[in-house]
Amino acid sequence: MTEKVLIIDDEQEFTQALAERMTNRGMTVSTSSSAIEGLQSVEEHTFDVVVLDLQMPEMDGIETLKILKKKNPELQVILLTGHATVEKGIEAMKLGAMDLLEKPADMTTLTEKIKKAQAKKMILVEKKTEERIRDIMETRGW
Amino acid sequence: MKHTVQEITDQYGPAYFGRMGATISHDIKNCLAIMNENTGLMSDHLMMAQKNGVPPDIERFSGIVQRIEKQIGRADGIVKSLSTFSHSMDKPEQQIDLDEAVTLALALGARIIANKGIKVNHTGAAGKFYVNGSLFFLLSLIWSILENATETLASGAVLNISSMKDEKSRICLSFQCEQPFVSDSGWQTSGLALDLFQAEIVLDDQHTRVDLVFGK
């Protein structure tokens, strides 16, 4: 099953090239050049993974991550940053990011992380669906 | 009490140097990331061409090469600013072109200002205005005013910076915005550097303008 990925980064030449490379590897990729645009895209479409830049104008990656996870807890987020500090990494993990990679990222590593993220999302969605079915079975008097 | 350049360097130098170093390294990393993805893309196209037994698409290659060249130029500009900044501590006193110093201070902190969503317009004087002192401390002084000035500004605000001579023919660097953006507090850290340049900070009543006036 093809991975549905959204890249959010204000460096448009970066997102374009990365998106093309991911598409070459069989993924379905969308891009957003700001956090606001990215959040809107997540409202309108379904994604398995969001690849998110940590430092962006208007709203940074940590703030965006908080909103993304609040609205869609199953969505997997991989943070990309030009300057990864240990503190930011820990903060991101605590907020539910799946991973934090430093730019420039290695494509093989990023691809592996995206595949793992998609698998994790599928497990979470399945678990949630099972819970909902169980809940329906228990509450409805069939 | 008059402070020496060394005392002020020890007190404020590392913080400013560290802050600028972090933002510049981030900018360089972004350039490298774009170059990395574009060279990767070339590699992908070569592999696909080889696999399919067709020659690579020259037009696409040309576009990718142009993107890489653009990033090399961008990174070169960033490293030039970094180099000038790194050498700004070489001389404790020198003649400094004020507008060149503003341009450098803005280039160094461009990402921090952009992240706040604030647009800065710098209008240089028709002639050249020179001030004497340490370039490093002039940069840190300009930056501390910029940081204080942009602290309370909302995203989308425009800050205008211009150099001029005031009514007393003193060289002046003016920071102006349509909305109030400055408070009376928060300028203490600039105090020592102001002494070095025999300069003062003047706030207007509406709090929409702050002037850095040299030769008090």
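## Getting started

A residue counts as buried when its relative accessible area is under 20%, as exposed when it is over 50%, and as partly exposed in between, using a 1.4 Å probe and protein chains only. By that rule A:Ser32 is buried, with a relative accessible area of 3%.

This is a predicted model, where local features need pLDDT of at least 70 and side-chain atom pairs count only at pLDDT 80 or more, while totals for chains, interfaces and linings use all residues. Residues are numbered from 1 along each chain as its sequence is written, chains are lettered from A and ligands numbered from 1 in the order in which they are written, and side-chain values use heavy atoms, with hydrogens and water left out.

## Chain A as a whole

Let's start with chain A, which has five helices and five strands. Here helices (H or I, at least four residues) and strands (E, at least two) are DSSP runs, numbered from the N terminus. Follow the sequence and you get β-α-β-α-β-α-β-α-β-α.

For 142 residues a compact globule would come out near 14 Å, and the 16 Å of chain A agrees with that. Of those 142 residues, 46% are buried. Contact means heavy atoms within 4.5 Å; of the contacts in chain A between residues at least 6 apart in sequence, 62% join residues at least 24 apart.

A:Ser32 sits in strand S2 (residues 28-32). Beyond its neighbours within four places in sequence, A:Ser32 is in contact with A:Leu6, A:Ile7, A:Ile8, A:Asp9, A:Glu37, A:Gly38 and A:Ser41.

Now hop to the loop between helix H2 (35-44) and strand S3 (49-53), where you'll find A:Asp48. A:Phe47 lies in the loop between H2 and S3 too. Both are buried: A:Phe47 has 5% relative accessibility, and A:Asp48 has 8%. Leaving out residues up to four places away, A:Asp48 touches A:Thr2, A:Glu3, A:Lys4, A:Leu75, A:Gln76, A:Gln118 and A:Lys121. With the neighbours within four places set aside, the contacts of A:Phe47 include A:Lys4, A:Leu6, A:Ser41, A:Leu75 and A:Lys121. A:Phe47 and A:Leu6 are 41 residues apart along the chain, yet their C-alpha atoms are separated by 6.7 Å.

## Chain B

Chain B brings six helices and seven strands. From the N terminus on, they run α-α-β-α-α-β-β-α-β-β-α-β-β.

Of its 216 residues, 44% are buried. Among contacts in chain B with a separation of 6 or more, 73% are between residues 24 or more positions apart. The accessible surface of chain B is about 10,900 Å², with 54% belonging to carbon and sulfur atoms; such areas come from the Shrake-Rupley method with a 1.4 Å probe, and for residues only the protein chains shown count as cover.

## Where the chains meet

How many residues does each chain bring to the contact? Chain A gives 21 and chain B gives 24. Together the two chains bury about 2,100 Å², and carbon and sulfur atoms give 46% of it. Buried area is the accessible area (1.4 Å probe) that two parts lose on being put together, summed over both. On the chain A side, A:Glu11, A:Glu13 and A:Arg21 supply 28% of the area that chain A buries against chain B, more than any other three residues.

Methods. Rg over C-alpha atoms; globule rule 2.2 N^0.38 Å.
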